Amino acid sequence: MAHPTKLVEQLDRVVIRFAGDSGDGMQLTGDRFTSETAQLGNDISTLPNFPAEIRAPAGTLPGVSSFQVHFADYDILTPGDAPNVLVAMNPAALKANLSDLPSGADIIVNTDEFTKRNLAKVGYAASPLEDGSLDGFVVHPVALTSMTIGALAELNVAKKDAERAKNMFALGLLCWMYSRPHESTLRFLERKFAKRPDLVAANKAAFQAGWNFGETTEDFSVRYEVKPAKQRPGTYRNITGNAALALGLVAAAVRSKLPMFLGAYPITPASDILHELSKHKRFGITTVQAEDEIAAIGAALGASYGGALGVTTTSGPGVALKGETISLAIALELPLVIVDVQRAGPSTGMPTKTEQADLNMALYGRHGEAPLAVIAPRSPSDCFHAALEAARIALTYRTPVILLSDNYVANGSEPWLLPEIGDLPDLSVDFATEPNAEDGRFLPYLRDPETLARPWAIPGTPGLEHRIGGLEKADKTGDISYDPANHDFMVRIRAERIESIPVPDVEVEDPDDGSRVLVLGWGSTYGPIGAACRALRQRGLPIAQAHLRHLSPLPANLGEVLKSYDKVVIPEMNLGQLAHVIRARYLVDAIPFNQVSGLPFTAATLENMLEDVVKNG
């Protein structure tokens, strides 16, 4: 008997959250759904959220892993505040995420896992599927585990492997519900399990069973469709922030015509940059997994001394360990890129959760007067361009540069328009090749009058021998100097070199051209701030937005911009670190709005707060 054709309903946006145990493959499921969605041309933003433990206790609240994807037929800025659909693989996943759901949301629940034992683990006295507590939602009970095992019964697959394939059943069902293609997922499974043909067959069969279930069951009477978003013409790929940052560093090496050396020690959430860069040896990229953070940056600085683009990647705890060598790089005046993918602290903190609390350390976290350049990407795809900019500043001005990413942008993903190679900046470097003094000597600290950068001489170049080390240098000669006047001069000239780096003016988005409130952000708050401001304007409330990429030096026009508004609000995922800088430097009574929950701001939270500021001053 043929099944009737199901109704297809058009939607402009959807937010889906996959949630289950950290061993249920929720990150893989979400990533595959995102990849299929990207191929359709929707705009996308994602939010992975998972425990720090490799395998947290099964069936418990601390062990819940989730992946949220927001896709739409228009430009979006965040992964969405609240899911329209929750896929809950067990009671813990339901309980951990239920409070985030709006009334009327769809819940697809794996009924096989709602046993008395699993319910008791998370404090359910009775099953929420039966006690009426979910009456405000549209619940779709699906026996995901047993249906997956049944679908694979004729295959030569162990029961444990069959159970593990239930995430592919869920993925197949969701791909059917939202009219996603699936060819690339099937090819992905063939590659992932290439050495295990039995697992290839099992996962493909589970995916197809989920698709067929959606097609045939009466519980899902409607399919949904989200049209492609209108985007600039070009070639796009879905990319995470860490992958984009790694490719930006590769591009910097190519455009500078320099070998690139990465010294890194694995640390969450920066390790993926090391993994990605290790794949690109053909572009002159050398990666070394050092024995510790100090060795990693020492090797990177040594590479810079030798004429390479030195890079080290880490998170907040690693930056603390690297502080002495960063100071050495400042004294030596050599290029070095330090990538800090921020996470929640202090100490070990919450390694897989996000925060923006390393700004103070980036700006001031060294002994002595030790200024350097600091920049921050605003989104996953922007990490590519931020990496190029960090390399440009480091190479041109012979300075360490700290690039402040964070867990939110590092693991989140969005469509990235591949740039034209010819549009990328030329980062070519002129090394010193001959003596630069009138008397035929080489003066390693004779500065370029425009950039105040000293010459970069590759060790072993005949006639360019010079002293190296951390002791204070004499102006021009680089000899060791304890002269008070010389030290005062060198401290000031190093600071002037950083402050004189030309950076683009901060741009203000103020469509109403009469707003009295400015929202100032930096880094990953760009999306939530932008979404909140967009919502307020749609309701007729004028508000302006500005966002900082360069945090040291700050844009030259920033003071003028700030003083042209009655109120300046600074949302940050810390306790007000940029707000303190703005207040001290510009004497502007900025209003901090702070959150340190390990999660990014929601647009609704910022919208409510900003509405109050706009209306009540």
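Let's start inside, with S304: at 0% relative accessibility this serine counts as buried, because buried means under 20% relative accessible area, while exposed means over 50% and partly exposed lies in between (1.4 Å probe, protein chains only). You'll find S304 in helix α11, which covers residues 293–305. Helices here are DSSP runs of H or I with at least four residues, strands are runs of E with at least two, and both are numbered from the N terminus.

Before going on, a word on what you're looking at: this is a predicted model, where local features need pLDDT of at least 70 and side-chain atom pairs count only at pLDDT 80 or more, while totals for chains, interfaces and linings use all residues. Residues are numbered from 1 along each chain as its sequence is written, and side-chain values use heavy atoms, leaving out hydrogens and water.

Back to S304 and its surroundings. Setting aside residues up to four places away in sequence, S304 touches L309, G310, L334, P335, L336 and W456; a contact here means heavy atoms within 4.5 Å. Take L334 from that group: it sits 30 residues from S304 in sequence, yet the two C-alpha atoms are 6.6 Å apart in space.

Now step back to the whole protein chain. It has 20 helices and 22 strands, and its C-alpha trace spans about 95 × 60 × 45 Å along the principal axes. With 617 residues, a compact globule would have a radius of gyration near 25 Å, and the chain's 27 Å agrees with that. That radius is taken over C-alpha atoms, and the globule rule is 2.2 Å times the number of residues to the power 0.38. Of the 617 residues, 57% are buried. Among contacts between residues at least 6 apart in sequence, 77% join residues at least 24 apart.

What about the outside? The accessible surface comes to about 26000 Å², and 53% of it belongs to carbon and sulfur atoms. Areas like this come from the Shrake-Rupley method with a 1.4 Å probe, and for residues only the protein chains shown count as cover. As for charge, the chain carries 56 positive and 73 negative side chains, and the centres of the two sets lie 4 Å apart. Lys and Arg count as positive, Asp and Glu as negative, with His and the chain ends not counted; each charge is placed at NZ of Lys, CZ of Arg, CG of Asp or CD of Glu.

Another buried spot is N486, with 11% relative accessibility. N486 belongs to helix α16 (residues 484–499), and beyond its neighbours within four places in sequence it is in contact with E472, K473, A474, D475 and S481. Cysteines turn up inside too: C175 is buried at 0% relative accessibility, and so is C533, also at 0%. If a disulfide is a pair of cysteine sulfur atoms within 2.5 Å, the count comes to zero.

Finally, look at the backbone. Most residues other than glycine have a negative phi, and most peptide bonds are trans. A cis peptide bond joins T268 and P269, with omega about 5°, and P269 is in the loop between β10 (260–264) and α10 (271–277). G345 and P346 are also joined by a cis bond, with omega about 5°; P346 lies in the loop between β13 (336–342) and α13 (359–364).

R398 has a phi near 50°, sits in the loop between α14 (382–397) and β15 (400–406), and is buried at 10% relative accessible area. L587 has a phi of about 55° and is found in the loop between α19 (577–586) and β22 (591–594), but at 76% relative accessibility L587 counts as exposed.
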